[in-house]
Every structure is written in C-alpha cells, then in structure tokens.
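Hi,

Here is the model I said I'd pass on.

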Amino acid sequence: MQTIQKIGLGLFLTGFAVWIVTLSLGQFVLTENALKENLKPEHYELIRPRVQNIIGQTYSTAFGFGNAFRAEVETLNEEFRSAQKYDQVIYDNYSLPVAKASSQGTIIQQTGLWFWLSFGLAILGAFLYILPNRRKHPGIKNDHIYHSPATSRGWIGIVLGSFLILFYIALYFYPEYVVNWIILVDPLSQALSGNPASQWFLYGFLYTLAVVIMGIRMLIKYRHSPYQMLRSLSVMFFQTSFAFLIPEILIRLNQPYYDFKNIWPLDYDFFFEFNLNTLISNGTLGLFMLGWGIALIVIAVPIFSYFFGKRWYCSWVCGCGGLAETLGDPYRQLSDKSLKSWKIERYMVHGVLVFAIVMTAFVLYTYFTGQSNVGPIDSYTVRSAYGFWIGALFSGVVGTGFYPLMGNRVWCRFGCPLAAYLGLVQRFKSRFRITTNGGQCISCGNCSTYCEMGIDVRWYAQRGQDIVRSSCVGCGICSSVCPRGVLNLENADPNSRVMIAPELMTGNEMPKIG
Amino acid sequence: MKHIVILGNGISGITAARHIRKHSDFRITVISGETEHFFSRTALMYIYMGHMKYQHTKPYEDFFWAKNRIELKKAWVKTIDFDTKTLHFETPETMQYDQLILAVGSSINRFGWPGQELAGVQGLYSYQDLELMEANTAAVTSAVIVGGGLIGIEMAEMLLTRNIPVTFLVREKSYWNNVLPEEESALIGRHIEEHGVKLRLSTELAEIIPDENGRVKAIKTTTNEQIECQFVGLAVGVHPNLSLLKDTKLETDRGILVNEFLETNLPDVYAIGDCVQHRTPQQDRKSVEQIWYTGRIMGETVARTICGERTAYQPGVFFNSAKFFAIEYQTYGQVPARLPEECDTFYWENKEKQVALRLNFRKDNQALTGVNGFGIRLRHEVFDRWIKEKKPIQQVLAQLHEAHFDPEFFRRYEPEIVADYNEKHPTTPITQVRQPNFWEKLFS
C-alpha cells in the first residue's frame, strides 16, 4: 500500500469514527411545541398526558430519549389492545420526528461542521485510497482477496457485516436512534426537496454515495474493460439521477415521489392504494407514472430481456444491483457455488415471486372491492407481512448486511421477485447466453469463484455448454477474470444456444457415437 | 465386474474415470497421493496469489465422486507388479486391477546444477510444490527464476504479488523464443520488464550457492554474475514421470510408449496425459505433448477403448492459450518460432495497446496454417474450421470479425489489421466484408 493510500485509509476511518461519535452528540429535551408540531391532533390528545414526565427532561442520548418516548406510546397501545379498542391503536411512528424536534446542542448548531468532519473526511479518505490504484498496470487485480480478513469472511468482514446489519435494523425499526445522522443530512434534503430529511433520505444519500465512490473504484479496477466501465457508469447514473435526485426534485415540484426505474414486484408497494391514489390524483404526470410503471412490467421486462437477457436491468439499471456491483464488488467471491445452494435459491426466489403476486392480488382485490378480507385472510396482514419479512428484513438487513459474509447478491439471488421474473424470461425466451470458447477451458475456477450469483460457471465452460441460467445477471466478470479467453456474453438466435454439452469439444476428432 | 484402476487424479485420469462411468458399470478407482480430490493444477498460482483457495480449484464438488461411484484412494503407489496385476502401496496395502490406466503426469526438470537440491530451490508442479513455495518464500527478499517458459513467468507473477523482486534467467536471446516468433517474444519480453521483473536474456544458471544452513543464498550465472537470492524457482520444463516404472516390463523412452490407441506394450495397461510418449505422433503433434486439453482428450479416448470401442487418439488442429501477466495469448494451428520454408506470414501489432495478431499461410495457395493472438480473443471454432478448410489469408482477413471473441464494447481491431495488410500488400488489397449493423445484429 502506498503512503497516500495509508493516509486515505486513516482519513476514512477517522471520518467514519466521527460519524459514529455524532450519534452520541447533543441532548434531547422534549418540548410542548415538538409534540404539537409532529403529532396528529387526535394523537396529541392521547399522548400528551402520557409523556408529562418526559417533557423538560434532558436526555443525553437518542437511545435514552427514544426508548422513553416509545415506551410510553407502547403502554398506551397495550391498554387499547387489552380493552379491544383496536381502532385507537397508534401505528404512526412518532419517535423519529419528535426526537428530531427535541434535539439540542452541537449537532443542531454546527450541523455543517459535523457533516464535513464525518462525511467529508470519509469521502476524501476514500478517494485518496482508491485513486492511486490508477498507477498499477491495467488488468485483473484480485491479489490477496483470500488473504485479507476483509474479503474472506475474516474478522473485518464479520465486524463490517455486523455493523451493516445493525444499521439496517436501526434504519427500518428504530430510526430515532440514528436521528443525529438524519439531522446531518437535513440541509441537503432541504436544498433538494425543500423538506426535512427522513431516514429514507439519509439512506438514499448514503446509498448514492456508496454507489458513486465504489463505482469510481470499479472504473479504475476494470479500466482495461470497456464493458465493465460502461456498466459501472450506467449504475452510477441511474442511482444518482433516477433513484436519488429526480424523486427529490419531483417532491420539490409538488409531484408524486417516483423512481422511474423501479419495477413491480421489486417495487412491491406500487399497487398499494396509497400509491395508486397518489398517482391517480396527480393529473397527467401521475397517470403517466402509472402507465409507465405498468409498461415496464408488461412490455420492457419481456422485450429487453428477450434481446439482452436480464442484465439490461440487474447489472445496468437496478439500484440493488447498482449497490451490489459497486459497494459489493469486493465480496462477490463469497457467494456459495454448491449445488445445494442452487436448489435453495430456486425455491426461495420463486417462492418470493409467488408471495409478491398473491400479496398484490389481495391488495388490488381490496382496492377495487373495498373488502379487506379475501375469504378468511386479511389483505392488510398479508401486505404488512410482506413488507416486514421481504421488504425490510430480506432485501435490507439480509440483502446488504450479509455482503461481507454471503456475497453481494444475497437478495438478488435468493429473494428478489423481479429478478425471478426477469430470470424466467432469460431462461426460456431470450437471445442471451454466455458462450464458451471451444476447448480452451482449463477448469481453473476463476469464473465460478468470482460469480456473484453463485453459478458454477466452470461446470459449463469445461464441457463446452453455454451458460443459460435464470439467475445470471450478466455482470461479465466471469469473462473478465478468465485467463484463457473462454467466456463471452452474447446475444443471438435463441435456438442457437448450446443447452446440451456437445459429445466432443472442438479439438477432439474421434468419431462421434451419439 | 471389471476393476479399472487409474493412477493419477489430474485432468487425464479424471476425464478417463468420468467417461468410463458414463459408458459402463465397471468398478473404477482413482489413486493419487497428491490430493484426495481432483483439482485444477493450472490454478496453483491463483491460490498463492490469493485469488482463490484450494477448494475453488476443484472442478467437481466432493459428493460427485461417491454419487458417480468413482472410488478415490489417497495413497502413493510404490511398485506395480504387472504380472499379477497388483499395485503395492507405500503402506503394506495392495490393490488388484483388471485394467490399469497410467496417468502419472510429469516431473520437473533439473539439469544437474550444483546446489539444485538446496533448501529454497524448487519447481512448481504439484500441490506439495505450492505448499513448499508458501514456506520457502515466507521470509524472502529476492528471488531468481530459471527458465523462460510458462511456469517461469507464472512464478515471477506469483512472487511479485508478495513484493519479492524477481530476476528471470532466460537461456534464449528473448523470452520463450523457442515457441514464439521474434516479434511476439519481444512483445512479451517488454511486458515482463514493465512489471518490474529483471530479465536476464541469453543467461543460464551455473550454480546455486548455499549459506551455512544449507539454504540458497545466491546463484551464479553462466555470464559469471552472482545474484543474491533466498529462493530459486526452477522452471526449465517437465518430463514424463517414470519414477515408478524404471526397470519394469513397461516400455518407456522419454515417456511411457503408447500406440495410437494409448495402449502400452503390456496388455490391459494404458497410459494417458503428460506421462505419455506417442510411438507415432499425429502430423503436427509432438510425441510428448504436455497440455491440459491433450490430457483431457486422451482421457476421453481411452475411456472409449476401455468400454469396448477401440478408438484412436485423434487431436485435431493444434491450439493452446496462456496468459502473460495481463496479456492473453491464444494460438490455433501451426505458428512455429521459425517460419517454415513453404509459408509466409502477416504480423500486425498495436504497440500502445500491446495487442498483436499473426497469420501464417502457405505461399502456394495462400491457405491459412496458423494464428497467434495477443491481447485479443479469437473464436476457437472459427479458426479451427478456417485452418481445416485451408481458407486463403485474404478471405480470413476480410471475415476476421467472425472470429472476434472479445467482450462487447471492446475496441475492434479489424479495420487496423486490414489496413496494415493492405499497406504491406498494396497490389492485392482486401476489402472487409460488411459487418451487420446494430439492428441487423439485434434481430439476426
């Protein structure tokens, strides 16, 4: 490692440490105003007497404050439940906005300073660490991946994975714990959309930052490969514009929040009534968004996947894919290649697809009939179960938290219902395949090792069979790491895909029997 | 039931075992003392460099062998009694066979240099060699590699990932120029030096000098230079491993002698892979040819014979590939280091990008005889067909895009190549066949 890279790593870690420390900065004092401004009037009436003891009290951490406030609301809800007054139970999460409004001290007064000391230092450090790699010779650089505790499930990987898992749990379930981080990005959110930041703005900001910085790392690492460079630029572009900036700008223009590249069933609440109502009540643009969303599902997915395979989405456009291909690139080798994991994958990913379809059918049934029950099943229970288990736990906590432990495509491979849909098109009706070059394969295993989707690429390459797998996202890394120029991502007549291994590979002239 | 015993679990032996299982119900045992399971020997370098772990180099999962009823025995064989069809292991154990396939591979060459047995001096062929290299290079500040071939450059690349400076002794006047024509050899030579390897051309090893503990501390070259080093990599080629077979009835010369059916002079004893010497090699093929795919094809062939369909070994048009640091190399047909009398050649190189293409063709009918590609991927089927068809060089160049195998969006070199040819042959210019445009490709 060069000196400048060591400095970069030092700055990055310092920025990261400052960021962690900001969680403990300032204090929290609940005021009458904070309650009034953030609670619905009917809830204010209910909650206000309960938090009498909290008002005016100084809490030194968001944890203490959040727990105290949450406990009071919970007690209230418990009483409603035991009195069977279910309609009065409070589902709104007030902990975060109330915590934000109760925050005092340096984090509020010197937000900009803490922003630059944390994010600024970390970004600067990351660039100092990444950019000097330009001086190395272009070409595949996988040296020491299995020697490093960061990339081979060593202690760094375990620590990082644990951090990510905790981060996601806080983000989805206890956002008030990380309220200071949300405050840090408030000015940016105000500048973009005119609204204060939510935990989702914080998440979008971090996500985009990760995709862009680690995308630049990809551009340098694969600067000998135009395919990899274009692909990285593409995911960086779609994340920054479609996923992050455009929705914020739409909000600023009083239009519905909409990510134009997110497709149902990955975008699982697209058909939820709140979303349909928003789109329908927002004039031409809203209706266009509704039509666009449906067209992506019924036209774009089959047509583009027919011509190019599912890669057009999964490794060029998708946000989850974008994060996997940039932030997740150092962990691609950790995906399990065993036959057993392939079997589990097929059950799981198609299971989630079925779940998503059934859930959405219930949602639409309820939407059009007004009946919340489909037979004995409550449609709201089904959608909230999906949101919790799939939307939050699987795609977030497991999907990204397990990067350093199970590879960078855990969600895409085992859970994404859109990947399953795209995969069915790719497997059964597509021009896409990875071809193998005659008899050149030496079974070295680089392709399988670096396949993020856990495909045993070598199994096909060494027998001269095209790789036609529903899970393949077409990242092209197998082709990049192949030392003998064996693998190539190609589109051609679907009937020309070599689905059965030839009896004899090129180079063996003995007579055929079969 | 017939018991087939295969000695050696490399690509040859394992391919034989798999294909015998495909076509028969015979009992199959594969014996190796090296590792319990088949692994890709060509990937040893990647384990050392940290690209992969040993488990990743296994082409089949461990359950594969029991599922396909291929018995594996991890043991070293000490002697073979061909009369009683008995293998004697280093332990007191024995094993009977009905038919024996010898796939015992190669051993590294050592040419009797003083000090060649010192600690810190080794080749790289087996899994044990890899473990030894790990130990031998743990505290090394400089290394010398002897031998300008493929293993030599691999060892140099491996050592550089550990920041160990490497001096590379090459007997020839340029890198691998007993195989590569002059220009390609120079191209790779430059590439090696760019990576910081000190290349000593026209230089051979004279002796290896020990320190007081019997470890290498320096080497002396034939040019009388003394180079300090704590590690010496011997990469001056391999020879068929005949250690088990000396003073037996089995006929050997440089390798185990086999006929076109891979049969040895003894009944029910076959030999395949690196250890083989063909009595009557095919045209354009060497009698001893140590390449991954030739071992594989011999395994496929002998499996046919064992299963009752006596089949001759018939490798087709020659091909091979390698990677020199970042430059990939592919070759099809015959591109010898010295151009044959009846052939002419066309060589194109993009110096900046380190990409090169050579096409050899017959003077009389212009038929393509061979191709070398550097930094450019070429389609095996297409060149295999063109060489068999004796396609004239002009047509090959006009249709070169059909053999293109580089990933999408990579720079296309066909126009440069054709322009270069036309410049060199102004009287017979070539026009490239029009390539399909985006829409034609989209619906082709």
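Strand 24 and strand 25 of chain B make a hairpin with five residues between them, and Gln366(B) in the turn has a positive phi of about 65°. Strands here are DSSP runs of E with at least two residues, helices are runs of H or I with at least four, and both are numbered from the N terminus.

Before going on: this is a predicted model, where local features need pLDDT of at least 70 and side-chain atom pairs count only at pLDDT 80 or more, while totals for chains, interfaces and linings use all residues. Residues are numbered from 1 along each chain as its sequence is written, with chains lettered from A and ligands numbered from 1 in the order in which they are written.

All seven residues of strand 25 of chain B are buried (20 or more other C-beta atoms within 10 Å of a residue's own, C-beta atoms being placed from the backbone).

As for the chains, 43 residues of chain A are in contact with 44 of chain B (contact: C-beta atoms, placed from the backbone, within 7 Å). Helix 12 (226–252), helix 22 (446–449) and strand 7 (487–491) of chain A each supply at least two residues of chain A's side.

Cheers

Notes
Contact = placed C-beta atoms within 7 Å. Buried ≥ 20, exposed ≤ 12 C-beta atoms within 10 Å, placed from the backbone. Pairing = 2+ DSSP bridges.
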